[in-house]
Amino acid sequence: MRHLMSPLDFSVEELDQLMDLAGDIEKNPAKYAHACEGKKLATLFYEPSTRTRLSHEAAMLNLGGSVLGFSTADSSSATKGESVSDTIRMISCYADICAMRHPKEGASMVACQHSDIPVINAGDGGHQHPTQTLTDLLTIRSLKGHLDHMTIGLCGDLKFGRTVHSLIHALVRYPGVKFILISPEELRLPSYIRSDVLDRKNVPYEEVVRLEDALPDLDLLYMTRVQKERFFNEEDYVRMKDFYILDAKKMELAPEDMYVLHPLPRVNEISVEVDDDPRAAYFKQAKYGVYIRMALILTLLEIKVD
């Protein structure tokens with residue numbers, strides 16, 4: 001039995017196979033419409049989510065399976081003090097696979113150690129968000145045709161942004177990737193990721209504060225929101241939340257083939273006027289998220305469709 005805790009749980013070759021499967025699902029949805037009949041996905045979401053929860057549920061429903069679970073900790077026995085390990089033991093009696101989001105780092109790892117069914121980490125604190133990373137990789141490969149030899153700008157909350165942390169871990173395995181890290185001083189990429197991941201693997205990167213300085217050199221811009229829920233006080237959040245706003249004027253500085261990604265939800269960091277730009281790919285990204293999660297469910301349940 002296999003779980004997904006980190007993007008690194010799959011080798012580059014396995015990621016290619018997963019993305020190939022997602023591509024086939026996109027082209028031939030009817031072929032997979034009954035692949036998970038009789039199977040159940042449990043979604044255990046201890047913190048709010050729209051895209052991640054609903055895309056997992058849509059993925060299972062598209063495969064002919066069914067879903068059960070809860071969308072907030074308040075609607076679970078966590079309010080009574082039930083531990084994650086006890087919850088997953090119980091859920092293992094009801095479902096065939098589980099997707100779990102939790103505000104505490106490492107919670108999904110605890111779950112998989114006590115689970116009798118595959119566990120998908122759907123986000124744990126500021127740590128990892130591997131299914132978003134799989135979505136990002138599929139989106140980039142579909143739009144650019146490859147995942148190597150490109151300059152990627154990561155902009156916004158690089159300190160708490162688990163999507164950014166997961167994406168860096170995944171992309172450093174591809175040759176010729178360079179990062180431009182765009183953030184205010186207070187939200188810089190954590191030093192342990194710079195030293196343990198980028199420096200250790202000799203991956204080139206620059207740190208800049210102004211988005212305008214980076215845009216002309218990018219093949220891809222990955223925007224993130226400043227996450228209110230990760231701040232300890234309102235004052236710091238208010239000061240940081242509108243630090244970056246990508247608008248039509250700034251997009252004029254970017255190359256014609258530079259795509260804009262965003263894990264969503266957005267607040268103010270991308271102006272709605274950018275939505276009509278053909279380089280805006282964040283809603284396509286959400287659609288790719290369903291295909292890759294369908295592929296992941298099939299892979300973890302070891303279901304093959306001929």
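**Entry 1: Pro118**

I looked up Pro118 and found that, leaving aside its neighbours within four places in sequence, Pro118 is in contact with Met1, Arg2, His3, Asp96, Ile97, Cys98 and Leu300, where contact means heavy atoms within 4.5 Å. I noted that this is a predicted model, in which local features need pLDDT of at least 70 and side-chain atom pairs count only at pLDDT 80 or more, while totals for chains, interfaces and linings use all residues. Residues are numbered from 1 along each chain as its sequence is written, and side-chain values use heavy atoms, with hydrogens and water left out.

I placed Pro118 in the loop between helix H4 (107-113) and strand E4 (119-124); helices (H or I, at least four residues) and strands (E, at least two) are DSSP runs, numbered from the N terminus. Pro118 is buried, with a relative accessible area of 5% (buried means under 20% relative accessible area, exposed over 50%, partly exposed in between, with a 1.4 Å probe and protein chains only). I also noted that the C-alpha atoms of Pro118 and Ile97 are separated by 5.0 Å, although these residues are 21 apart along the chain.

**Entry 2: strand E8**

I turned to strand E8 (residues 220-223) and found both faces covered, with Leu220 and Tyr222 on one side, Leu221 and Met223 on the other, and all of them buried. In a regular strand the side chains alternate between the two faces of the sheet.

I then looked for the neighbours of E8, taking two strands as paired if DSSP finds at least two bridges between them. Strand E5 (residues 150-155) runs parallel to E8 and is joined to E8 by four bridges, and Cys155 has Met223 as its bridge partner. Strand E9 (residues 259-261) pairs with E8 in the parallel sense over three bridges, and here Leu221 stands opposite Val260.

**Entry 3: Gln285**

I found Gln285 in helix H11 (residues 282-300), where Gln285 is buried, with a relative accessible area of 1%. Not counting residues up to four places away in sequence, Gln285 touches Gln132, Thr135, Asp136, Thr139, Tyr222, Leu261, His262 and Pro263.
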